[in-house]
Amino acid sequence: MASTALTSIPLASLPRLSQGKVRDLFELHDASSLLFVTSDRISAYDVILKNGIPSKGQILTLLSAKWFEVLASRVPGLKHHFLHLGPPTTPGIVTVEERSMLRGRSMTVRRLKIFPIEAIVRGYVTGSAWTEYEKTQTIHGLPQPEGLKRCEKLPEPIFTPSTKAELGEKDENISPDEARKIVGDKYASRIEELALSCYKAGAAYAEERGIIIADTKFEFGLDEETDEVYLVDEVLTPDSSRFWSRADYQTGRDQDSFDKQVLRNWLTENGLKGKQDVEMTPEVAEKTRARYLEVYELLTGDKLEDVLAGLAQ
């Protein structure tokens, strides 16, 4: 396995604003930007595991940076929060040791007001969407065509938002109408438009590289000065998306995913689903890392070690 997983971010030079399941957010001296740092923590069934996945934070950060570039070139009018990898280069902001620790797992982003909904887009009927469809022929309460099979491609991608829960709480599926009540009609319409456009552009790019994006979660923020909606957070990573191999895809059955499914399966098989203070076995951690690394290389065409070697120290 690669080096030891970094499950906590020892960054004393900057004030920590928040800590999520995977990311820590730090305040920069420039009030208009923040430092977004991705740890190697991993969660499953809304519980953070005791140990992490080595290099996971770098994989997610570098893949997101790639996607911001791709989507900006393919989605007209898209604005996003990504400014550059790593903290600002101004001397004295972080120590030499901290800068080394942050290499490949941090990015400087615009400071925005985050909308309190998850913008989920589904292109295939799978997961909780399949469970609902089997019972009611709906997804998030939206009627769907009759006769769909498990993991079948939907006629058109659909916007199926959820609430954005606090750490330790669970997101809840909501309808687009309920999302409008939370953020208002104007912003809900723009979020839905951008989420669908980003999904379609990302899915087309991934298909060219042998990957199906079955569904994904986007987040958006507001620049209150310009009243513009921005794409924020991570984008189209194995943590936020369900990736399948195009070559292996078959309708009517579950697919092998490039994500944390290895971990979820292990937790379920061992009666550990949803339990606290669980530590993965080295084998489960390595298999999970291998899946993340594989999809990173397929989507970017790069080797992680080569990209990291090319980043400024």
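In this predicted model, the cover over the buried residues of helix α6 includes strand β4 (43-44) and helix α7. Helix α7 (residues 282-300) also packs with helix α1 (residues 56-74), and α1 in turn meets α5, their axes coming within 10 Å.

**Helix α6**

- Helix α6 spans residues 261-269, and its buried residues include L263, W266 and L267.
- Just after α6, G271 adopts a positive phi of about 65°.

**Strand β4 and S43**

- Strand β4, part of the cover over the buried residues of α6, contains S43.
- S43 has a relative accessible area of 9%, and it counts as buried because this value is under 20%.
- Leaving aside residues up to four places away in sequence, S43 touches K21, I48, L49 and K260.

**Packing of α1 with α7**

- The axes of α1 and α7 lie 10 Å apart and form an angle of about 20°.
- That angle makes α1 roughly parallel to α7, because angles under 35 degrees are classed in this way.
- The crossing of these two helices, α1 and α7, is left-handed.
- From α1, the contact draws on K56, I59, L60, L62, L63, K66 and W67; from α7, it draws on Y292, L293, Y296, L299 and T300.
- Sorted by class, the residues in the contact of α1 with α7 are 9 nonpolar, 1 polar and 2 charged.

**Packing of α1 with α5**

- Helices α1 and α5 cross at roughly 110°, with axes that come within 10 Å.
- The two helices, α1 and α5, are therefore roughly perpendicular to each other, a class that covers angles of 65 to 115 degrees.
- The crossing in which α1 passes α5 is right-handed.
- On the α1 side the contact is formed by K66, W67, V70, L71 and R74, and on the α5 side by C198, A201, G202, A204, Y205 and A206.
- By class, the contact of α1 with α5 comprises 8 nonpolar, 1 polar and 2 charged residues.
- K66 and W67 of α1 take part in the contact with α5, and K66 and W67 are also among the α1 residues in the contact with α7.

**Helix α4**

- Helix α4 (residues 176-183) has P176, A179 and V183 as its buried residues.
- Seen down the axis of α4, these buried residues fall within an arc of 50°, so they line one face of the helix.
- D177 and K181 are exposed on the other side of α4.
- The buried residues of α4 pack against strands β9 (117-124), β11 (142-143) and β12 (153-159), and against helix α5 (185-207).
- Just after α4, G184 takes a positive phi of about 95°.

**L28 in a loop**

- L28 is located in the loop between β2 (23-27) and β3 (33-38).
- L28 is buried, its relative accessible area being 5%.
- With residues up to four places away in sequence excluded, L28 touches L14, S33, L34, L35, P88, I93 and T108.
- L28 and C151 are 123 residues apart along the chain, and their C-alpha atoms are separated by 44 Å.

Key. Residues are numbered from 1 along each chain as its sequence is written. This is a predicted model: local features need pLDDT of at least 70, side-chain atom pairs count only at pLDDT 80 or more; totals for chains, interfaces and linings use all residues. Side-chain values use heavy atoms; hydrogens and water are left out. Buried means under 20% relative accessible area, exposed over 50%, partly exposed in between (1.4 Å probe, protein chains only). Helices (H or I, at least four residues) and strands (E, at least two) are DSSP runs, numbered from the N terminus. The arc is that of the directions from the helix axis to the C-beta atoms. Contact means heavy atoms within 4.5 Å. Axes are lines fitted to C-alpha atoms, for helices over the stretch in contact, and angles run from 0 to 180 degrees between N-to-C directions. Angles under 35 degrees count as roughly parallel, over 145 as roughly antiparallel, 65 to 115 as roughly perpendicular and the rest as oblique. A crossing is left-handed if the near helix is turned anticlockwise from the far one by less than a right angle, and right-handed if clockwise. Ala, Val, Leu, Ile, Met, Phe, Trp, Tyr, Cys and Pro count as nonpolar, Asp, Glu, Lys and Arg as charged, and the others, Gly among them, as polar.
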